Every structure is written in structure tokens, then in C-alpha cells.
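Please report on this predicted model. Cover the RNA contacts, the helix packing and the backbone.

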Amino acid sequence: MLDLKFIRENIELVRQAVADRGTDAPLDEIISLDTARRRQILELEDLRHARKEAARDREQADKEVGRDLRVQIKTLEDEVRSLDSQLQDLLLQVPNLPHPSIPVGKDESENPVVRMWGEARKFDFTPAPHWKLGETLGIIDFERGVKLSGSRFYVLKGLGARLQRAIISFMLELHTTKHGYQEIYPPFMVKRECMVGSGNLPKFADNLYHDEEDDLWFVPTAEVPLTNMHRDEIIMPGSLPIYYVAYTACFRREKMSAGKDTRGIKRGHQFDKVELYKFTEPDKSNDELEKMVANAEHVCQKLGLPYHTKELCTADLGFASTKSYDIEMWAPGCGEWLEVSSCSNCGDFQARRANIRYRPTPDAKPRFVHTLNGSGLALPRVLIAIMENYQQADGTILVPEVLQGYVGEKVVR
RNA sequence: GGAGGGAUCGCAUAGUGGUCUAGUGCGGCCGCCUGCUAAGCGGUUACCCUGGGAAACCGGGGUCGUGGGUUCAAAUCCCACUCCCUCCGCCA
């Protein structure tokens, strides 16, 4: 959420930012509602002041005047309340401002590649796609996934399941012991206000699974619970930055991308992910973003998987982000670059929605923190990349060296 | 799921219709004092919105879990909800 005052005072800048993203937002309505609301608040405060004065002395209290004031205050309060909630609804629909440093573009084709690492392996046979390898080796069971839960679900078996668990353990250990993150195991279902705080509601309800009875929402990413760890808190001086890493399952309806990527395990309704998250001081957040991307890239490097890193242009930026990098791994079997991580600086956008502040010094006023999130990394796609890059002519898969201790095998056969 | 109890300014507590402009203790901060100690004295101690001012600062409004209601007047009375605790039931 943007600061209403900022919108009021920088309306043209905000308009331009929304245009650069290639979306729209109800800015005119916001401005006119805000004007009306502010006028009414002034009036309301005068009336309240009058009531306070009138009720000060109980002997001289004029009940007629008082009753009249009460009625006036109540009607005005109702009006302000209604304006407030309308305004709030509209504000929640305004996306974050792109950082001035990022490229303006009209779609994802304009995301510049900022780094490349590793070289695509040369095969002396035609590399198979992971769905083929998985079925042949008996480690991915698509049919039973569909039997249990429908399309876009699969079952991992034997060394497939073990390999996935190994990747999770490896990544958590790398981030906790080498990169300074604290491991968090959060709930996978959260309250509505958490979804609002992270920016997933109200705009993206379509993509979420929801338990009607208790109004609990399945997390589409650990970013949601992690953002809300410090909701409605004032973080004490000297406590920033805070680094969290969390493994969770992620649940997405994927309604928007029906019919896309239906083959294999690239895009399912449920997948596992290790998520990196930071709370930082405002002037540190962009440096922290660079470090976070480096942490995510480090995972790719340790696994020996070629990747490139792209900076997202304005049109491809997420709703809550001011600046983002995507990391894509090369998958020789299906012949495409797979997005395994997206690291974003959300500035104070989520902090304002979730009311997360910090005190710079013991007697300073609280300020909104900056929040950052990044995948470190998303599981099924790393699994795909490993299977396809480490496959051998006989259809078996070598286990990357750093995972061998976790898997307990050198080859998946 | 059933029955009770509770939620007050960092912590602990007082407050059951009108100087509550929320008291007190602890802790924190500032200052003073003392040749000594976890000593004494004084002061201070949250957040949000808003008006004026370059600023230090000054003023108005709101917040006693949340949202409604009653009243000239609500921390206090009424209703609903949330969360926590105790007991019972159920349960991996």
C-alpha cells in the first residue's frame, strides 16, 4: 500500500508509475474520496470538541444541546467510516511504485539478463525431459497424483521423494549456516489479514485456496506468513536486519494459467519452496536485495546448474515489488529456462499494509521497515533441472555432489 | 465441542457512569545529589490522525482486546466478535 499522503502530493508521479507497469489503478477516485474525507474529519473534530466542552461540567450540562450534538456526531461518524472503508479498498488495489533504477518495458521480453553462470552441458545423446525420466525410473507417478487429487498433482516416490527432501535440507542448511538466516517453520494456513498484509488479498483471491468455514487461507508462498511474523509490531532499535528462511509447501489454484505447462511437474497446485525473507532499514534494502540474489545464486552454483539472472522491467514486476530479479535455470530436456527464484524488494509497501515498523534509535519515532523476499529456491523446478542436467545415456541420474550425503546414493537408478 | 475466568500506557497492577486530562510500582531515559554499593532526590516515559511553524515546539481529535449500542457524559453499563487461561470431552 502506498502512503495516501504521498499519493496526494505526488499524483502525477504515481500515475506515471502505474502506466509504466502497464496496469491501471483508481487514482482519481482516491483523490476525490480523500478530499471529501478530510473535510468531514475537520467538521467531526469540531463537533467532538464541542461535546467534550459541553459534558465537562455536570451541573451545567444542557441535555438538549448534548443530544443534538450526539446525533450530528453519529451521522458524521458513519459517513467518515464509510468513506474510510471505500478509500481503503481502493488503496489496496494500487500497486507499488517501481524503483527509479529499473528499466521501463512493455512485457517480459524486455527483462535484461544481468548475469550468466555455468555452461549448458553438451550431450552425446538426446536429453530426455524430466517427465520421461521420472516415469521410467519410477520416481514420479503422475497417474496416481491425478487419481488422488486431480490434474496438476503428482506423487514423488522412492529416491524422487528422497532427492526432493535432500534439496530442501541442503538449502536450509546453506542459508542458515553460511548466509545468516534464521530458520522458521510457519503455519501453512493463515488468517485473511495476513493475506492482505502481504498483498495477496484482495486482488488475487482467484489464485488462493481457502477454507470457508474458518476463513483460513492456504499459503501460496512462505512469504505470506513471514511478512506477518512482525505484523503490528514495532521492532526494537538495533534488531534490524532480520533474516528468515522457511521451508513450506505452497498452494496455488493456477486458474490464470489454465492449460499452460500441463506437462511434468513444472507448475502444480502444490509445490515445495525454501523462501528467504528480510526486514531491513529503508536505506539498506537495495543492498540487501543484491545479497539475497547472491544467496539464491549460490544454491545454483553449489548444485552445479547453469543459470542466468534477469532484472525485471516495469511491466513484469510483481504487484508489491519495487525491484526484482528472476533466476532461471537451464533445463536441457524440455529445452527451456525455468524460473527457480524471484527476489524482490517490496520497500515499505507490505510494511504499511501489515503495519510493521521499527525504532531507529531508542527515542526516535517508529518508521516502516522495508521487506524483501526471494525463493531460495523453488523445489520442483530445481528437481527438474537436476534430473535433466545430470541424466546419463542409460536413463539414470547422477546425484549432485553436495546432495549425496543427504540422499545416501550417488546415482538415482 | 461444553462450562467457567480474563484482556488497562514496555512489564505488573488500581480503577464498576462525571477533576480518568487513566493512578501506583518496576523497568527505561534525563538531571541533581552523595567519598562507596542493584543507594537517595526530582523529572520524564505509548501510538495514530490533524492544524500552525524552517525547527525546537504549540494546539485539536482518537485509542483502556476489536466492532457496535445506551447516555448530556463510558475504561466503567448492554450486545456481538477475537485472543488467552483453567476444567471436561475428543484427538495425531
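The sections below take the basis of the model, then RNA strand B, helix pairs and backbone geometry.

## Basis

This is a predicted model, in which local features need pLDDT of at least 70 and side-chain atom pairs count only at pLDDT 80 or more, while totals for chains, interfaces and linings use all residues. Residues are numbered from 1 along each chain as its sequence is written, chains are lettered from A and ligands numbered from 1 in the order in which they are written, and side-chain values use heavy atoms, with hydrogens and water left out.

Helices (H or I, at least four residues) and strands (E, at least two) are DSSP runs, numbered from the N terminus.

A residue is near a strand if one of its heavy atoms lies within 4 Å of it. By class, the surface has 12 charged, 4 nonpolar and 2 polar residues. Here Ala, Val, Leu, Ile, Met, Phe, Trp, Tyr, Cys and Pro count as nonpolar, Asp, Glu, Lys and Arg as charged, and the others, Gly among them, as polar.

Which part of the RNA lies within 4 Å of the protein? Sugar or phosphate supplies 68% of those atoms, and bases supply the rest. For Lys 74 the distance is 2.5 Å. For Lys 52 it is 2.8 Å. For Arg 67 it is 3.1 Å. The elements that give two or more residues to this surface are α3 and α4 (63–91). Helix α3 gives the largest share, 7 residues.

Two packed helices are described by the angle between their axes and the distance between the axes. Axes are lines fitted to C-alpha atoms, for helices over the stretch in contact, and angles run from 0 to 180 degrees between N-to-C directions.

Helix α2 (residues 11–21) and helix α3 (residues 27–56) cross at roughly 155°, and their axes come within 11 Å. The pair is therefore roughly antiparallel. Angles over 145 degrees count as such, those under 35 as roughly parallel, 65 to 115 as roughly perpendicular and the rest as oblique. The crossing is right-handed, meaning that the near helix is turned clockwise from the far one by less than a right angle.

Contact means heavy atoms within 4.5 Å. From α2, Ile 11, Val 14, Arg 15 and Val 18 meet Leu 27, Asp 28 and Ile 31 of α3. The contact has 5 nonpolar, 2 charged and no polar residues.

## Helix α12 and its partners

Helix α12 (residues 379–389) packs with helix α7 (residues 159–177) at about 110°, with the axes 10 Å apart. The two are therefore roughly perpendicular. Their crossing is right-handed. Leu 163, Gln 164, Ile 167, Ile 168 and Met 171 in α7 meet Leu 379, Val 382, Leu 383 and Ile 386 in α12. Here 8 residues are nonpolar, 1 is polar and none is charged.

Helix α5 (residues 130–137) packs with α12 at about 80°, with the axes 9 Å apart. That angle makes α5 roughly perpendicular to α12. His 130, Leu 133 and Gly 134 in α5 meet Ile 384, Met 387 and Glu 388 in α12. This contact has 3 nonpolar, 2 polar and 1 charged residues.

## Backbone geometry

Most residues other than glycine have a negative phi, and most peptide bonds are trans. Where are the cis bonds? One joins Leu 201 and Pro 202, with omega about 5°. Pro 202 sits in the loop between α8 (192–198) and β6 (210–211). Another runs from Gly 376 to Leu 377, with omega near 10°. Leu 377 belongs to strand β16 (residues 370–378).

Arg 152 has a positive phi, near 70°. This arginine lies in the loop between α6 (142–149) and β3 (155–156).

Terms used. A polar contact is a pair of N or O atoms within 3.5 Å; within protein, one must be able to donate a hydrogen and the other to accept it, and residues adjacent in sequence count only if both atoms are side-chain atoms.
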